[in-house]
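Biologist: Please take me through the labels attached to this model. For each one I would like to know what it rests on.

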Amino acid sequence: MRRWIIIALLLIVVVPAIGVGAWAWAALKFAYSTGDRTGYVQKISNKGWLCKTWEGELTMMTAPGVPAQTFQFTVRDEAVAGQIRMSSGQKVRITYEQHKGLPTSCFGETEYFVTGVQAVAP
């Protein structure tokens with residue numbers, strides 16, 4: 001009887017935990033898309049109760065007379081977040097990877113993860 005309880009516990013708790021871990025690893029390892037966006041960083045803040053991530057917003061001006069578009073992003077690397085904070089309000093080009101299907105919002109509020117930032121001359 002005791003053996004069946006241990007097997008049931010493994011099937012109910014451990015196997016799903018391993019599955020979710022593998023799913024999260026795969027979703028973070030393989031990028032759905034990569035790209036660059038250019039604009040002005042409007043905000044960047046460190047958010048989260050348990051899992052702290054840097055969340056930001058980039059305003060992109062496409063053409064005169066056209067309303068600006070907003071691009072929301074997540075930064076997981078402290079060094080990149082520091083670079084973005086230093087260039088806040090300036091025109092920058094951010095490089096990002098899109099990771100679809102993350103199992104929780106603990107990895108970030110968006111699916112766009114910034115991997116680099118570069119100042120752009122006005």
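This is a predicted model: local features need pLDDT of at least 70, side-chain atom pairs count only at pLDDT 80 or more; totals for chains, interfaces and linings use all residues.

Modeller: Residues are numbered from 1 along each chain as its sequence is written, and side-chain values use heavy atoms, with hydrogens and water left out.

Biologist: What makes Y96 and Y112 an aromatic pair, and why is the pair called edge-to-face?

Modeller: Rings of Phe, Tyr and Trp (its six-membered ring) pair if their centres lie within 6.5 Å; planes under 30 degrees apart are stacked, over 60 edge-to-face, and the rest tilted. For Y96 and Y112 the centres are 5.6 Å apart and the planes 80° apart, so by that definition the rings pair and the pair is edge-to-face. A search of the whole structure finds 4 aromatic pairs, and ring pairs link F71, F73, Y96 and Y112 into a cluster.

Biologist: Why is the pair said to tie together separate parts?

Modeller: Y96 lies in strand β4 (residues 91-98) and Y112 in strand β5 (residues 112-119), so the pair joins parts that are 16 residues apart in sequence. Strands (E, at least two residues) and helices (H or I, at least four) are DSSP runs, numbered from the N terminus.

Biologist: What makes K52 exposed?

Modeller: K52 has 54% relative accessibility, so K52 counts as exposed. K52 lies in the loop between β1 and β2. A polar atom of the K52 side chain lies 3.1 Å from the backbone oxygen of G48.

Biologist: How do you know that T59 and S87 are buried?

Modeller: T59, in strand β2 (residues 53-60), has 12% relative accessibility and so counts as buried. S87, in the loop between α2 (78-86) and β4, is buried because its relative accessible area is 9%. Contact means heavy atoms within 4.5 Å. Not counting residues up to four places away in sequence, S87 touches V92 and V117, and T59 touches G39, Y40, Q42, A68 and Q69.

Biologist: What makes β4 a partner of β1 and of β5?

Modeller: Two strands pair if DSSP finds at least two bridges between them. Strand β1 (residues 33-47) is joined to β4 by 8 bridges, and β4 to β5 by 7; both pairings therefore meet the definition. Each pairing is antiparallel. The bridge partner of G39 in β4 is V92, and E97 stands opposite F113 in β5.

Biologist: How do you know that the charge of K100 sits over the ring of Y32?

Modeller: The definition asks for NZ of Lys or CZ of Arg within 6 Å of the ring centre and within 35 degrees of the ring normal. The charged end of K100 is 5.1 Å from the centre of the Y32 ring and sits over that ring.

Terms used:
Buried means under 20% relative accessible area, exposed over 50%, partly exposed in between (1.4 Å probe, protein chains only). A polar contact is a pair of N or O atoms within 3.5 Å; within protein, one must be able to donate a hydrogen and the other to accept it, and residues adjacent in sequence count only if both atoms are side-chain atoms.
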